[in-house]
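Let's take a friendly walk through a protein structure together.

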Amino acid sequence: MRIGISCYASHGGSGVVATELGKHLAARGHNVAFISYAIPLRLTELPPRVTCHEVEIEEYPLLQNFPYTLALASKMAEVARMKKLQVLHIHYAIPFAAAALLAKDIVPELNLKVITTLHGTDITLVGNNASFKPVTALAIERSDAVTAVSHFLKDETYRQFAVTKKIDVIYNFIDPAEYDNPISPCIPPCDSPHQVTLMHISNFRPVKRIGDVIRIFAKVAAKIDARLLLVGDGPDVSIAAQMARDLAVVDRVIFLGVVNRVSSLLRAADLLLLPSETEGFGLVALEAMASGVPVVASDVGGLPEVIEHGSCGYLAPVGDVEQMASYALKLLSDCPLRKSFAEAGRKRAAQSFPAQQIVPQYEGIYKRVLS
Ligand code: GMT
C-alpha cells in the first residue's frame, strides 16, 4: 500500500508511535511518506521505501500567526498526488485530522482515506478545549477510520464528544529486539555500589505532575541511598529544579535533557516513576517494562491497561505521593521482588505489545477502509 503519515516531529509519544509504525510498515513492503514540519526525531536515517516531506513555514507580516494547518493540508495534498497515496494516517487529532480532511477534498480523484489515531491529550486536554472541540468532533466523525491507543481513550472520546464513529483500540507497541541488546547508556556512574536509580522520562508538562516525581524521590532518598535521573525537557523542568532545591535533594537529581532512544537509558534504571494526571496509554511505562524496569504510576487513563498492578508495577491514585513512595521503597529494598517484577514486565511487554502483533492491526484498518 501507499501510506502517508503525519505526526509531531518533536519528542512525544505520538510522534514515536507514528515513526516506528512507518518504519515497520516499510519493512513489511509498504511505501511510506512522512509529512511533518521537520524530520521526525526517530527517523534518523531513511530506510528503503520511506520518504520525508517537510511543510514550508514562511513568515509574512500580515499573518500574525502562520496558518500552519492550511500549509499542512496543501502539503498533504501535494504529497498525496506525487506519491499516489491511498491512505493518510494522522497521529494526534489537532491539527492533523482537520488538515487531512481538507487535503482529501483537494485531491478527490485519489479517493484518499483518512485514518485518525487519537493518542491522549488530543482528547483529554487540547482537543477538548472549547476553541478546538467542534473541529475535533468533526474530524473524528468524518475520518474514514479512527483508532485510540487504549479502551480508556476510546470511552473518554465518546464521553467528551458527541460522536458516534466506530473507534478501534490499537495499543502502543515496542520492538522486543531493540530491548535484547540495547546500546550502552552514556550516563554518570552511581556514587556507590549500593545506590539505586529512579528515572522519570517525559516532556515535562503539567499533565506529568513533575512536582510529584520530586516529592516521591525525596521520600525515597530519605530512607535509602538513591538518585533520580530526569530524561526529557519541557516547561516544568524549572519546577523540578526548584523543588529539588527546596527538598534538599538537588545533589542527587541529574537532568539528562532530551534523549532520542530511551531504551538505552532505561537499562540503567531500577524503577520508573510516572505519576501523571492522565495518560492515553503511557508508552514510556511499556518501554520501561520491556527493559525490565518496574513502574510506579498513577492508576489513571490507559495505564492500568499497560501495567499489571502487583506483578510488573504498582498503581496508586493520582497525587498519592505517600503511597507511590511506599511502593517505590518496597521494590527498591527487596531485590528478589524487583527481579520478579522486571521479569514479569519484560514478558508482558513482549507477549502483549510487540510490533509484530500490533502493526498488522493498523494494516487491517487500512485494508478495511480501502475495500
Ligand atoms: O505524553 C505526552 O505528553 C506526549 C503525547 C503525545 O501525543 O506525543 O503522548 C500521548 O501519546 C502516547 C502515544 O500514544 C501515549 O502513550 C501517551 O500516554 C500520551 N500522553 C498523554 O496522554 C499525556
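Start with two helices, H3 (residues 93–106) and H5 (residues 133–142), whose axes come within 9 Å and cross at roughly 55°. Keep in mind as you look that this is a predicted model. Why start with an angle and a distance? Two packed helices are described by the angle between their axes and the distance between the axes. Angles from 65 to 115 degrees count as roughly perpendicular and those under 35 degrees as roughly parallel, and H3 and H5 are therefore oblique to each other. The crossing in which H3 passes H5 is left-handed.

Now find the residues that touch. On the H3 side they are Ala93, Ile94, Ala97, Ala98 and Leu101, while H5 brings Val135, Thr136, Leu138, Ala139 and Arg142. Sorted by class, this contact of H3 with H5 has 8 nonpolar residues, 1 polar and 1 charged.

Is the crossing left-handed or right-handed here? H8 passes H13 in a right-handed crossing. H8 makes the contact through Asp212, Arg215, Ile216, Lys219 and Val220, and H13 through Val321, Glu322, Met324, Ala325, Ala328, Leu329 and Leu332. Among the residues of this contact of H8 with H13, 8 are nonpolar, none are polar and 4 are charged.

Leu286, Met289 and Ala290 of H11 meet Ala342, Gly345, Arg346, Arg348 and Ala349 of H14. By class, the contact of H11 with H14 holds 5 nonpolar residues, 1 polar and 2 charged.

Finally, step back and look at the whole protein. Which residues make up each domain? Domain 1 covers 2–173 + 354–370, and domain 2 covers 176–352. Between the C-alpha centres of domain 1 and domain 2 there are 29 Å. Where the two domains meet, 25 residues of domain 1 are in contact with 22 residues of domain 2. About 1,700 Å² of area is buried between domain 1 and domain 2, and carbon and sulfur atoms give 56% of that area.

Note on methods:
Residues are numbered from 1 along each chain as its sequence is written. This is a predicted model: local features need pLDDT of at least 70, side-chain atom pairs count only at pLDDT 80 or more; totals for chains, interfaces and linings use all residues. Side-chain values use heavy atoms; hydrogens and water are left out. A crossing is left-handed if the near helix is turned anticlockwise from the far one by less than a right angle, and right-handed if clockwise. Helices (H or I, at least four residues) and strands (E, at least two) are DSSP runs, numbered from the N terminus. Contact means heavy atoms within 4.5 Å. Ala, Val, Leu, Ile, Met, Phe, Trp, Tyr, Cys and Pro count as nonpolar, Asp, Glu, Lys and Arg as charged, and the others, Gly among them, as polar. Domain bounds come from an automatic or database domain assignment. Buried area is the accessible area (1.4 Å probe) that two parts lose on being put together, summed over both. Axes are lines fitted to C-alpha atoms, for helices over the stretch in contact, and angles run from 0 to 180 degrees between N-to-C directions. Angles under 35 degrees count as roughly parallel, over 145 as roughly antiparallel, 65 to 115 as roughly perpendicular and the rest as oblique.
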